Protein chains: 2
Amino acid sequence: MLDINDIISGDQNTGARMIRLIEDRDPSAHEVLKAIYPHSGRAFIIGITGSPGVGKSTLIDALIAEFRRLDKKIGIIAVDPSSPISGGAILGDRLRMQRHAADPNVFIRSMASRGQKGGLSRAAKDAVLVLDAMGYHIIIIETAGAGQTEVDVAGIAHSVGIVTIPGTGDGIQAIKAGILETGDVFILNKCDRPDADAAEFELNMMISMRPASPGSWKAVVVKTRALDGTGVKELAQVFLSHYAFLNQEGRLEKKKKEIELRYFQGLVTDLVLEKTMAALETSKAYREALQKIELNGTDPLSLAETVMGGITISNFNSP
Amino acid sequence: MLDINDIISGDQNTGARMIRLIEDRDPSAHEVLKAIYPHSGRAFIIGITGSPGVGKSTLIDALIAEFRRLDKKIGIIAVDPSSPISGGAILGDRLRMQRHAADPNVFIRSMASRGQKGGLSRAAKDAVLVLDAMGYHIIIIETAGAGQTEVDVAGIAHSVGIVTIPGTGDGIQAIKAGILETGDVFILNKCDRPDADAAEFELNMMISMRPASPGSWKAVVVKTRALDGTGVKELAQVFLSHYAFLNQEGRLEKKKKEIELRYFQGLVTDLVLEKTMAALETSKAYREALQKIELNGTDPLSLAETVMGGITISNFNSP
């Protein structure tokens with residue numbers, strides 16, 4: 001097992017090894033996570049999402065620099081499957097954020113989906129826990145698109161920034177799908193493009209149409225041009241303002257509890273599946289079902305029922 | 001319960017009601033699916049994916065018209081969260097594909113993610129089963145992006161088309177992330193844009209770098225301009241060629257078995273979770289764990305273990 005003290009003291013090699021264990025679903029990761037849990041809970045977690053090509057990496061690179069100027073230790077977890085960091089893209093892109101690689105107060109890791117359903121948001125949450133325990137003040141999770149993974153990952157963050165660009169209209173389309181509700185900050189990148197004002201207007205319209213309760217955060221639109229840093233200082237300030245807002249009237253505590261609750265439910269789900277699949281895979285009925293599908297394409301719905309009919313789940317704590 | 005004969009005879013109202021039941025996870029849907037299963041297995045399933053804004057809807061609209069000219073009955077399932085059909089976008093877009101709405105041989109349905117992890121690909125597979133039993137010759141599943149949902153949904157299709165556009169480079173980025181391996185047809189839409197030739201070259205390069213085994217399908221690049229129908233006839237032919245290719249040497253049978261196997265495993269997983277969560281939610285330990293999180297943020301990792309410790313999974317069919 002990894003030395004927990006190495007994580008808490010912020011050793012980046014140990015942190016990187018730990019994140020690898022999480023990705024690999026190594027059983028020892030669970031024990032380490034339990035041990036470091038009491039040292040977590042201090043970081044501000046920002047989720048940044050947006051379609052490929054809107055300039056997320058460049059923007060986050062600029063944001064890192066800005067937060068460093070404010071003397072914040074900053075961690076990045078890239079779970080964007082098309083992200084340069086997570087191995088999606090060409091070398092030039094991959095190097096873009098690496099100018100911070102030599103800074104001991106910046107820690108950038110990518111996480112790949114290993115194909116497990118829902119596994120990525122669980123792994124991202126585990127990784128946030130590690131970076132949090134390592135002492136990073138701000139942790140940015142980068143995701144792409146508007147799929148379920150993004151909605152799940154947004155559910156880990158305290159503050160969600162959605163990046164879009166003017167002119168295409170499709171940014172807006174993507175946003176409208178469920179992820180709109182989760183956006184705290186709308187980032188209109190490449191704001192020197194034509195139609196930037198129209199896009200800003202449209203975003204503000206959408207925000208004004210969201211149901212707002214008294215005392216809830218009103219989402220903000222920030223225009224940026226990541227390439228030359230335009231608007232990035234303001235963007236950092238908006239995120240910090242949101243954090244200050246959350247720290248009032250117990251809002252952050254409430255949000256943290258919701259996040260922990262989802263984490264707990266995800267953990268239970270994972271444990272149940274592990275335990276049951278292990279029991280199933282040794283079962284004769286399961287092996288026979290696999291053979292039947294292989295041989296003649298028997299109705300999988302009935303087969304699944306048959307297999308499950310042999311499984312009993314009893315709860316000794318109940319009621 | 002719905003009348004199974006109404007589904008098999010292709011009644012669109014009944015089909016629509018059935019898909020609603022699937023989305024709502026109505027228990028009666030499972031019985032209907034079992035009953036119609038023997039009437040499925042004849043359709044050619046095409047998956048079409050690509051980032052928002054690449055013109056998927058317009059392209060699919062043109063593809064519907066082309067397949068109709070070839071006298072194919074065609075069904076569409078849109079699981080793209082940003083799709084005009086699945087309710088993402090503005091009215092003008094929503095209407096785009098609706099010129100086929102009056103054609104009794106075209107059936108277009110959208111499916112929304114109800115927030116269940118992995119639930120969307122399961123629901124999409126169920127819906128494909130319905131459209132297949134209804135007698136549609138070709139079923140197109142539309143998804144967006146490059147997330148896990150898209151990879152899962154691609155796993156339902158016999159043939160996967162990936163739509164990208166020239167000039168941005170990000171289309172390629174998105175493609176490179178895992179979904180590349182699953183692409184059978186690469187569709188370069190808006191091919192009148194500058195850099196179309198460069199993008200085509202890049203796509204062909206990527207295809208040539210994929211590991212190819214003897215007798216495997218070599219992915220094809222098709223240049224289209226969905227707005228005026230350029231290349232759409234060729235695209236339809238490429239899909240049909242791929243289908244003809246799959247129908248040789250037992251390839252389609254093999255692929256179908258793989259799909260059924262994943263479907264079976266997904267069904268078992270769902271049943272396990274349903275059964276366990278039902279057992280858990282009545283348990284004292286689970287309720288106590290929820291309270292502990294609410295009260296003081298106890299380590300969810302240990303809580304999950306405690307709760308699971310009280311759960312016993314016995315397998316009466318084993319070994």
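The predicted model scores ipTM 0.76 and pTM 0.75. For chain A, the mean pLDDT is 82, with 83% of the residues of this chain reaching 70 or more. Among the elements of chain A, the highest mean pLDDT, 98, belongs to helix α10 (residues 232-246), whereas helix α5 (residues 91-96) has the lowest, at 41.

In chain A, an open sheet is formed by 7 strands, which follow the order β3-β2-β4-β1-β5-β6-β7 and pair in parallel. Within chain A, strand β2 (residues 74-78) is joined to strand β4 (residues 138-142) by parallel pairing over 5 bridges, and A:Ile74 stands opposite A:Ile138 in β4(A).

Chain B likewise contains an open sheet of 7 strands, with parallel pairing and the order β3-β2-β4-β1-β5-β6-β7. Its edge strands are β3 (106-110) and β7 (220-223) of chain B, and each pairs on one side only; from one strand to the next, the twist averages 20 degrees. The pairing of strand β2 (residues 74-78) with strand β4 (residues 138-142) of chain B is in the parallel sense and extends over 5 bridges, and here B:Ile77 stands opposite B:Ile141 in β4(B).

Between the chains, helix α11 (residues 251-281) of chain A packs with helix α12 (residues 284-296) of chain B, the axes lying 9 Å apart at an angle of about 150 degrees. Because angles over 145 degrees count as roughly antiparallel, α11(A) and α12(B) are therefore roughly antiparallel to each other. The crossing of these two helices, α11(A) and α12(B), is right-handed. On the side of α11(A), the contact involves A:Lys257, A:Glu260, A:Leu261 and A:Phe264, which meet B:Ala289, B:Leu290, B:Ile293 and B:Glu294 in α12(B). Classified by residue type, the contact of α11(A) with α12(B) comprises 5 nonpolar and 3 charged residues, with no polar residues.

Key. Residues are numbered from 1 along each chain as its sequence is written. Chains are lettered from A and ligands numbered from 1 in the order in which they are written. This is a predicted model: local features need pLDDT of at least 70, side-chain atom pairs count only at pLDDT 80 or more; totals for chains, interfaces and linings use all residues. Axes are lines fitted to C-alpha atoms, for helices over the stretch in contact, and angles run from 0 to 180 degrees between N-to-C directions. Helices (H or I, at least four residues) and strands (E, at least two) are DSSP runs, numbered from the N terminus. Angles under 35 degrees count as roughly parallel, over 145 as roughly antiparallel, 65 to 115 as roughly perpendicular and the rest as oblique. A crossing is left-handed if the near helix is turned anticlockwise from the far one by less than a right angle, and right-handed if clockwise. Two residues are in contact if their C-beta atoms, placed from the backbone, lie within 7 Å. Ala, Val, Leu, Ile, Met, Phe, Trp, Tyr, Cys and Pro count as nonpolar, Asp, Glu, Lys and Arg as charged, and the others, Gly among them, as polar. Two strands pair if DSSP finds at least two bridges between them. pLDDT is the predictor's confidence in each residue, from 0 to 100.
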